[in-house]
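Hi there,

Here is the structure I promised to pass on to you. Have a look at it first, and then read my notes below.

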Amino acid sequence: MESVEHSPKVSQRKRASELGVAMGLVNSYLKRAITKGWIRAKEVPAHRYAYYLTPQGLAEKGQLATEYLTSSFTFFRSARGQCLDLFAECEQKGWSKIALVGNGELAEIAELVAMQSSLDVGRVAPKILSDKGFDAVMLVDIQNPQEIYETLCGTWTKERILTPALLYVSRDRQQQEK
């Protein structure tokens with residue numbers, strides 16, 4: 001919808017290229033959006049179309065943006081609270097050097113939260129953890145948390161692998177599979 005709003009006369013092929021998706025997907029989405037009344041198409045010269053957001057489409061775009069922002073803020077609050085709790089647990093146990101394993105939004109949130117603590121926290125790749133003298137590791141990878149957790153279990157005791165609940169890591173999966 002954003003693409004249509006800003007560039008109504010862009011071809012489906014160019015739109016697909018800019019968005020990094022297949023042209024058929026763009027075609028399918030545009031047809032669906034036209035059927036729902038969010039977009040209208042107008043032929044501008046023969047066999048070329050310009051796509052415009054309708055008032056209903058603008059309202060839907062606003063609703064989608066609101067839902068995205070609400071979801072993002074909810075995720076941030078939850079992630080921040082869980083990181084605060086895990087860092088407090090580290091401080092209670094006397095652990096001071098914590099490795100963050102992973103990339104993305106959760107890793108960035110964990111780094112921000114760590115600034116509020118007395119802990120020495122840094123991002124590290126799983127393969128070099130044993131060389132750095134960390135007290136514990138916090139898994140902050142959203143893409144492959146279970147896989148990384150199981151890799152970490154090869155080097156670390158489960159007690160020293162911190163996993164925010166929002167990752168839904170099964171801490172007993174390896175035992176169940178054996």
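Let's begin with Glu 89, which forms a salt bridge with Lys 93, their closest N and O atoms being 3.1 Å apart. Please keep in mind that this is a predicted model. The two residues are four apart in helix α4, so about one helical turn separates them. Glu 89 is partly exposed, at 27% relative accessibility, and Lys 93 is partly exposed too, with a relative accessible area of 43%.

How many salt bridges does the structure hold? There are five. One of them joins the side chains of Lys 14 and Glu 18, at 3.8 Å from N to O. These two are also four residues apart, this time in helix α2, so they are separated by about one helical turn. Lys 14 has a relative accessible area of 46% and is partly exposed; Glu 18, at 48%, is partly exposed as well.

Another salt bridge brings together the side chains of Lys 61 and Glu 2, at 3.2 Å from N to O. Lys 61 lies in helix α4 and Glu 2 in helix α1, so this pair ties together parts that are 59 residues apart in sequence. Glu 2, Glu 5 and Lys 61 are linked in a network of salt bridges. Helix α1 covers residues 2-6 and also holds Ser 3, whose side chain makes a polar contact of 2.5 Å with the side chain of Arg 15. Is Ser 3 buried or exposed? With a relative accessibility of 19%, Ser 3 counts as buried, because the cut-off for buried is under 20%.

Now for the inside. In soluble globular proteins, nonpolar side chains tend to be buried together. Here, the largest nonpolar core has 34 residues, and Phe 87, Ile 98, Met 138 and Leu 162 have the most contacts inside it. Helix α5 gives the most to this core, with six residues.

Finally, the surface has a nonpolar patch formed by Leu 19, Val 21 and Leu 25, with about 260 Å² of accessible area together. Val 21 sits in the loop between α2 and α3 and is partly exposed, with a relative accessible area of 32%.

Enjoy exploring!

Best wishes

Notes: Residues numbered from 1 in each chain as written. Predicted model: local features only at pLDDT ≥ 70, side-chain atom pairs only at ≥ 80, totals over all residues. Heavy atoms only, no water. Buried < 20%, exposed > 50% of the residue type's maximum accessible area, 1.4 Å probe, protein only. Polar contact = N/O pair within 3.5 Å; in protein donor to acceptor, adjacent residues only side chain to side chain. Patch = residues over 30% accessible without salt bridge, like charges linked within 9 Å, V, L, I, M, F, W, Y side chains within 5 Å. Areas by Shrake-Rupley, 256 points an atom, 1.4 Å probe, with all protein chains shown as cover. Salt bridge = Lys/Arg side-chain N within 4 Å of Asp/Glu carboxyl O. Core = buried A, V, L, I, M, F, W, Y, C linked by side-chain atoms within 4.5 Å.
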